[in-house]
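Please consider the protein shown below. The paragraphs that follow lead through its charged pairs, its surface and its parts.

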Amino acid sequence: MLLSRFFVPVLKENPKEAEIISHIYMLRAGMIQQSASGIYSWLPLGKIVLEKITEICRREMLKAGANEILMPTLQSAEIWKESGRYEDYGKEMLRIKDRNNRNLLYGPTNEELVTEIFRTHVKSYKELPLNLFHIQWKFRDELRPRFGVMRGREFLMKDAYSFDVDYNSSIKSYNIMFMAYIQLFKKMGLKAIPMKADTGPIGGDLSHEFIIIADTGESEVYVERELLNFKDSLTNINYEDDLQEKVNKFTSFYAATEEKHDASNFDNKNNTLIKTRGIEVGHIFHFGQKYSSPMRATISDRQGDNIPVFMGSYGVGLSRLVGAIIEANHDQNGIIWPSEISPWDYNIINLKSGDNDCDNICLKLYNFINNNTSNVLYDNTDERAGAKLARADLIGLPYQILIGPKGIKEELYDLKCRKSGEISRLSYNELLNFVQMNA
Ligand code: 5CA
């Protein structure tokens with residue numbers, strides 16, 4: 001991508017309305033624009049990152065055997081009356097009437113709608129287990145939308161729903177999602193820690209939140225130090241295996257959100273329990289027959305009896321993740337994208353646009369990288385070098401390649417690693433090699 005063709009409305013000043021660093025940087029780097037309180041447009045840079053996060057999540061869900069569907073944002077109030085949540089959900093639910101005076105709502109979550117789809121088609125345990133997921137915008141009329149995309153009113157969620165014949169198989173499905181979450185956050189370059197959590201308006205007997213430790217997080221959490229340092233090697237998981245043992249490796253540590261914390265459950269004589277803050281990027285629930293009973297989503301079991309199906313639901317806050325990743329990866333100059341979700345790997349910066357030699361080398365390099373990996377943003381604008389460098393740091397691509405008259409003369413060019421700040425001086429051929437090795 002040529003920066004001269006790229007719509008990235010960078011702000012020079014810190015926006016007054018933003019309190020936390022991810023919100024400040026997302027506005028400054030032209031990733032989002034507020035449209036109403038807690039509602040945002042995603043501009044190109046933001047959209048690319050959101051898409052990358054979404055794709056990693058989608059791939060891991062498919063790998064875990066889930067089926068992708070797409071349910072609408074608007075739902076009929078009828079099914080919510082069946083489950084009993086229409087009144088319970090209160091003011092967070094955006095209620096709408098259509099021209100025929102029928103009650104609709106903008107979905108804050110999809111347990112009811114997916115249960116309706118299920119009960120229409122599935123009648124026997126032979127068709128189970130089944131997991132249906134979708135990636136769709138949600139609306140919750142939050143009392144206090146804040147921190148940009150972190151607590152929005154409209155936000156993008158991946159939500160999956162599992163269906164099983166009995167409690168034990170349902171726990172297996174929960175465990176599959178548990179491990180899929182461990183994997184998918186890792187693939188985003190993140191360490192998300194599973195913690196015992198409250199089930200809130202979704203309900204159920206078992207639930208874990210996946211939390212990224214950050215001072216600016218809204219959740220207060222209690223976690224054993226060892227779990228913070230726990231490194232589980234990223235091996236591909238076989239989702240056909242019994243995953244209980246793998247899940248136990250995580251749940252054997254003490255980790256709980258404030259609501260679930262109980263000091264009497266943990267012997268802290270060695271002072272290993274840490275109280276800290278974090279961002280909830282995922283939340284999984286097991287709630288058995290809570291929705292299938294009132295909504296009569298029944299199946300015939302092995303004995304031929306008709307029973308309400310056992311369910312769980314599994315959410316990832318995809319738009320929140322963009323902010324959370326920035327909270328976990330930045331410095332005073334801007335964002336530092338983990339390479340896994342970076343919009344591009346390379347940022348070529350022409351320090352003297354208009355200079356024939358600089359323009360030629362930049363263009364040659366740009367074409368080479370484009371043909372090899374398509375993974376490059378080229379700053380070909382004619383702004384001052386200082387402004388270009390500051391913008392490159394703010395946008396935060398992993399590698400900057402700086403081409404200026406000094407480098408041309410010496411035939412050595414600076415390759416800067418955004419994260420470490422380290423600069424290597426490489427010949428043109430060494431640069432090409434680096435790009436090829438890194439591809
Ligand atoms: N139906 C269940 C699971 S599919 C559910 O709705 N769970 S949830 O309420 O915990 O939401 C799932 C995830 O969405 C949360 O972990 C969080 O990462 C994200 N999320 C929730 N509320 C917001 C919000 N207001 N703004 C941005 N992300 C949010």
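With which residue does E60 form a salt bridge? The partner of E60 is K63, and the closest N and O atoms of the two are 3.5 Å apart. A salt bridge here is a side-chain nitrogen of Lys or Arg within 4 Å of a carboxyl oxygen of Asp or Glu. The model is a predicted one, in which local features need pLDDT of at least 70, side-chain atom pairs count only at pLDDT 80 or more, and totals for chains, interfaces and linings use all residues. Residues are numbered from 1 along each chain as its sequence is written, and side-chain values use heavy atoms, with hydrogens and water left out.

E60 and K63 are 3 residues apart in helix α2 (residues 44-63), so about one helical turn separates them. Helices (H or I, at least four residues) and strands (E, at least two) are DSSP runs, numbered from the N terminus. E60 is buried at 2% relative accessibility, whereas K63 is partly exposed at 43%. Buried means under 20% relative accessible area, exposed over 50%, and partly exposed in between (1.4 Å probe, protein chains only).

Side chains of opposite charge can pair when their charged atoms come close. A search of the whole structure finds 26 salt bridges. One of them links R102 with D98, the closest N and O atoms being 3.6 Å apart. R102 is exposed at 52% relative accessibility, while D98 is partly exposed at 25%.

In another salt bridge, E220 pairs with K275, with 4.0 Å between the closest N and O atoms. Because E220 lies in strand β11 (residues 219-224) and K275 in strand β13 (residues 273-288), this pair ties together parts that are 55 residues apart in sequence. E220 is buried, with a relative accessible area of 18%, and K275 is exposed, at 54%.

Attention now turns to a helix and to the domains. In helix α11 (residues 385-395), the buried residues are A387, K388, R391, A392, D393, L394 and I395. After α11 comes G396, which has a positive phi, near 75°. The domain assignment, which comes from an automatic or database source, gives domain 1 (38-330) and domain 2 (346-437). The centres of domain 1 and domain 2, taken over C-alpha atoms, are separated by 41 Å.
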